[in-house]
Structures are given as structure tokens and as C-alpha cells.
Amino acid sequence: MEVLSGVTFKKFFLPFLIGLLLLFILLLIRSFILEIFHRWAKKTHTDIDNLIIKTIRIPSLFWCLALGLYFGIIFSELPEKVVFYINKIIYILLILSITQATGNMVSNLLANYITKKELPIPPTGIFYAITKGTIFVIGLLIALSTLGVAITPLLTALGVGGLAVALALKDTLANLFAGIHILLEKSIRVGDFIKLETGEEGYVVDITWRTTRIKTLPNNMVIIPNSRLAQSVVTNYHLPEKKMALRIPISVSYSSDPALVEKIILEETKRAVGEVPGLLAEPEPIVRFIPGFGESSLDFTLVCHVQEFTDQYLIQHELRKRIYKKFKEEKIEIPFPHRVIYLRREDKEN
């Protein structure tokens, strides 16, 4: 029994203790290295080092585990078949963890590069999905090859079944390629304020592989399939630029002097520049006697320019208050709708 216990200890428990001790040491070294890198990253002005540290933080745990297992079986006297399968597990663990780290790192670095260089491919959800998906497929094929699975017949089977999959996932693929088309065309970008022909409007939050998400002004999320968005008539209020013209209709009574009305509107608008956020001094505001002669009033249009679409609400609110106050001081009437009716009486001949 003593000999059996010694053999059991040497074959199983001693390798286990060695691997566990080595794993503990590797985790300490990992924490020490990450802490050094983290302090170093704080002193730099680039975001690349932060992305790298964030990317390898989780996969490095699997690397430590794989090394612990590997050195544990080196000192063991386990059967050759058991060692073979443990080595396979270690290889798969390393391949998948490296694949995950590579996918995250490449997608993050490319997104960072695209953002800085302002390339025509925005770093959105669909961009991450395509990049990480491609790297994951490559890593999976390498893992299957390590397990002894023949890749060539598998690729052939996937090619034959690709047509059936494409037919089954017709709507999904339509949304995927519509999303890619939207990204490359740059007609709709993340951060743009858009309005659909069906009435939905808001800021584009993300363009994923299947849908585009729009955050409305009441703080709700509208989720639109990419294929439907690509076929819809869309007004993009951030293209060609965010600045836009704002038209405010103003009506006064027929007893008012049009020149005085125009002067008051212009003076109040120019005075509001710098006081009302989003109201621009250039191009200068203008007032036009358009539409002109209404049924009950003289109708003017104030044209001013705002920084972006959502600024118009506060600007209209402030300008209308200021103009109305000045009209009251100058005794300029804003009339109610009224009609003049003439009655004509005809005497009937007997």
C-alpha cells in the first residue's frame, strides 16, 4: 500500500501540485506585468497601449492555465494517451484564446485608426462583427486542423450547403449587405440626425449587421432593418453639413407698416445672436415679405441659420418671445383670423 501510495502521489498529485504552484506563480507574474503596463500607459498620449492591455487581460488567464497544465504533465508519469489528449486541450485553449485576443485587438486598432484618419468606413457594430468574425473563422479552422479534422472536405460541404443557407437566410443576408452598402456609401453615418419618409427621426446610434438603431428626441430607440432603411427616402440633417437654415413665419395685421415690421424682426434676431445657443451670425438673418398678402394678415418669413437641427427648438422659442414683446411695445397687432361679409338685399318685383 505504501508503494502504491508513493506511485499514485508521483503520478497524479505531484504533477497536480507542480502545475497548481506554477499557475499561481504565472498569475502573479501576469498581474505584475499588467500593472507595469497600466502605469506606463497612463504616461503616454496614445490609446493604442490601453487597447492592447484591455485586449490581453482575459486571454492571458487562459495562457497561464495552459502553461500550468503543460509543465504539470511534463513532471507526470501519466499514460501516453492521456498526455496526448491533455496536449490537444492545451493547444485548443491556446488557439481559441489567441484568436479571441487577435480579433479584439485587430478590430479595436482598426477602429482607432479609421477614427483618427477619418476613412470612409465608420467603426460601427457591423464593422466589428465582420472583422472579428473573419478572424474567429480562421482560428476555428486552425483548431479543427489541430484536432485532426480534415478541413478540405469541410470547406467543400460548406460550399455546397452555402446555397441552401443563403436561401434560408435571405432576409438576414439582405440586411447584412444593405448595412455594408450604407457604411460604404456614407449617406447615413453614426451620429447623424435623420428623418425617414415614414416620420421616424433621431440620431443614428449604431449600424449593426442586421439593424440600424435611431435614438429619438424623446429618448426612445427605433430599430430599423437595414434593407428597409436602404430602400427608404431619408433626410439627413447633418449632410452636407450640420448648419441649416431655419424659417419662421410671422404674421401682422394689415394696418402695420411692412418696413417697420421687417426692421423689428431683424433687430431682435441680430440682438439674440450670442445670447441664444446655436443661433449663428453668419450667414446674416434676412426677412422677406413672403408669402405676402394673407386672408387676415401680412405674412413675413424670417430666415436665420442654426448650428444643427436640434438647436431650432430653443431658437424659435426665444425669437418668438422677443419679437412678440417688441410688437406689443410698438403696438403692432398680430390679428386673429377674420372675414368681412357683405350682405346684399334685392327687392323682389311683384
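Contact is defined here as heavy atoms within 4.5 Å. Axes are lines fitted to C-alpha atoms, for helices over the stretch in contact, and angles run from 0 to 180 degrees between N-to-C directions. Helices (H or I, at least four residues) and strands (E, at least two) are DSSP runs, numbered from the N terminus. The model is a predicted one, in which local features need pLDDT of at least 70 and side-chain atom pairs count only at pLDDT 80 or more, while totals for chains, interfaces and linings use all residues. Residues are numbered from 1 along each chain as its sequence is written, and side-chain values use heavy atoms, with hydrogens and water left out.

Helix 9 (residues 258–272) lies across strand 6, strand 7 and strand 8, and runs at about 20° to strand 8. Helix 10 (residues 312–329) also packs on the sheet, where it touches strand 6 and strand 8; the direction of helix 10 makes about 30° with that of strand 6. Two strands are taken as paired if DSSP finds at least two bridges between them. The sheet in question is open and has three strands in the order 6-8-7, with antiparallel pairing. Strand 6 (244–252) and strand 7 (286–293) stand at its edges with a single partner strand each, so one side of each is left without a neighbour in the sheet. On average, neighbouring strands of this sheet are turned by 30° against each other, direction ignored. Strand 7 and strand 8 (residues 298–306) run antiparallel and are joined by five bridges. A hairpin of four residues connects strand 7 to strand 8, and R288 stands opposite T301 in strand 8.

A further open sheet comprises five strands in the order 4-3-2-1-5, again with antiparallel pairing. Its edges are formed by strand 4 (221–225) and strand 5 (234–236); each has a single partner strand, so one side of each is left without a neighbour in the sheet. The twist from one strand to the next averages 40°. Within this part of the model, strand 1 (residues 193–196) and strand 2 (residues 201–207) run antiparallel and are joined by three bridges. Y203 is the bridge partner of F193 in strand 2.

The side chains of F193 and Y203 were also examined as an aromatic pair. Rings of Phe, Tyr and Trp (its six-membered ring) pair if their centres lie within 6.5 Å; planes under 30 degrees apart count as stacked, over 60 as edge-to-face and the rest as tilted. The structure holds seven aromatic pairs. F193 and Y203 form an edge-to-face pair, at 5.0 Å centre to centre and with 80° between the planes. This pair links distant parts of the chain, with F193 in strand 1 and Y203 in strand 2, ten residues apart. Burial was assigned from relative accessible area (buried under 20%, exposed over 50%, partly exposed in between; 1.4 Å probe, protein chains only). F193 counts as buried because its relative accessibility is 0%, whereas Y203, at 25%, is partly exposed. F193 and Y203 belong to one aromatic cluster together with Y237, F309 and Y313.

Five salt bridges are present in the structure, a salt bridge being a side-chain nitrogen of Lys or Arg within 4 Å of a carboxyl oxygen of Asp or Glu. One of them joins the side chains of R189 and D192 (3.0 Å, N to O). R189 is partly exposed at 26% relative accessibility, while D192 is buried at 3%. R322 forms a salt bridge with E275, and the closest N and O atoms are 3.0 Å apart. That pair links distant parts of the chain, as R322 lies in helix 10 and E275 in the loop between helix 9 and strand 7, 47 residues apart. R322 has a relative accessible area of 22% and is therefore partly exposed. Helix 10 also contains both K321 and E318, three residues apart, about one turn of the helix. K321 and E318 form a salt bridge with the closest N and O atoms 3.8 Å apart, and K321 counts as partly exposed at 45% relative accessibility.

The buried residues of helix 3 are P59, S60, C64, A66, G68, G72 and I73.
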